[in-house]
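I opened my notebook to go through this chain step by step. I wanted the overall picture before any detail.

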Amino acid sequence: MKTSKKSAAIGHRHKNRHYALKLMTAIAVSAFGTIALNAAYAQSTSSSILGKAPTDSTITVHSDRGVTRHGSPNDKGRYNLSALLPGTYLVSLEKDGKTLATVQGVPLFAGRASEVDFTCDNDQCTGSFNH
């Protein structure tokens with residue numbers, strides 16, 4: 001069976017087009033995936049309250065929408081309560097079931113953390129919101 005040079009060349013061009021189409025599709029899918037991933041990170045809808053507190057305490061946050069969360073500082077005195085919705089929060093320092101200090105009106109905005117630090121000297125505790 002004989003094949004002409006012309007039909008072989010057409011078949012070769014068809015294969016090249018097929019590979020080119022696959023390559024272009026792969027590039028387009030990769031680019032779209034990267035854009036979609038970046039957009040997902042850019043549209044974060046939650047935030048966190050973080051800061052310093054005595055290691056033997058509990059931090060409680062209450063939102064203006066009725067959400068309450070608790071957390072404890074690590075062994076270095078740092079805490080981070082994440083996945084909080086935007087709003088205004090009351091942040092409390094507690095120990096043995098007693099509230100030792102509170103910071104009211106802590107604003108949370110989407111994708112941005114707010115820092116609230118607590119210090120205790122001679123059984124007197126205070127809290128501060130760092131803008």
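In what order do the elements of the chain run from the N terminus on? I read off α-β-β-β-β-β-β-β-β. I noted that this model is predicted.

Next I checked the tally. The secondary structure comes to 1 helix and 8 strands.

Then I looked up the sheet. I found that 4 strands form an open sheet, in the order E4-E1-E7-E8. I marked its pairing as mixed. Which strands lie at the edges? They are E4, residues 78–84, and E8, residues 124–130. Each of these pairs on one side only. From one strand to the next, I noted a twist that averages 20 degrees.

Strands of a sheet pair through backbone hydrogen bonds, and the pairing is either parallel or antiparallel.

I turned to one pair. In which sense do E7 and E8 pair? Strand E7 covers residues 114–121, and its pairing with E8 is antiparallel. I wrote down 7 bridges for this pair. I also looked up Asp121. Its bridge partner is Gln124, in E8.

Then I went back to the whole chain. How much of the chain is buried? The chain has 131 residues, and buried ones make up 24% of them. I took buried to mean under 20% relative accessible area.

For the surface, I noted an accessible area of about 9400 Å². Carbon and sulfur atoms account for 56% of that surface.

Last, I looked at contacts between residues at least 6 apart in sequence. Of these, 54% join residues at least 24 apart.

How values were computed:
Residues numbered from 1 in each chain as written. Predicted model: local features only at pLDDT ≥ 70, side-chain atom pairs only at ≥ 80, totals over all residues. Heavy atoms only, no water. Helix = DSSP H or I, 4+ residues; strand = E, 2+ residues; numbered from the N terminus. Buried < 20%, exposed > 50% of the residue type's maximum accessible area, 1.4 Å probe, protein only. Contact = heavy atoms within 4.5 Å. Areas by Shrake-Rupley, 256 points an atom, 1.4 Å probe, with all protein chains shown as cover. Pairing = 2+ DSSP bridges. Axes fitted to C-alpha atoms, helices over the stretch in contact; angles between N-to-C directions.
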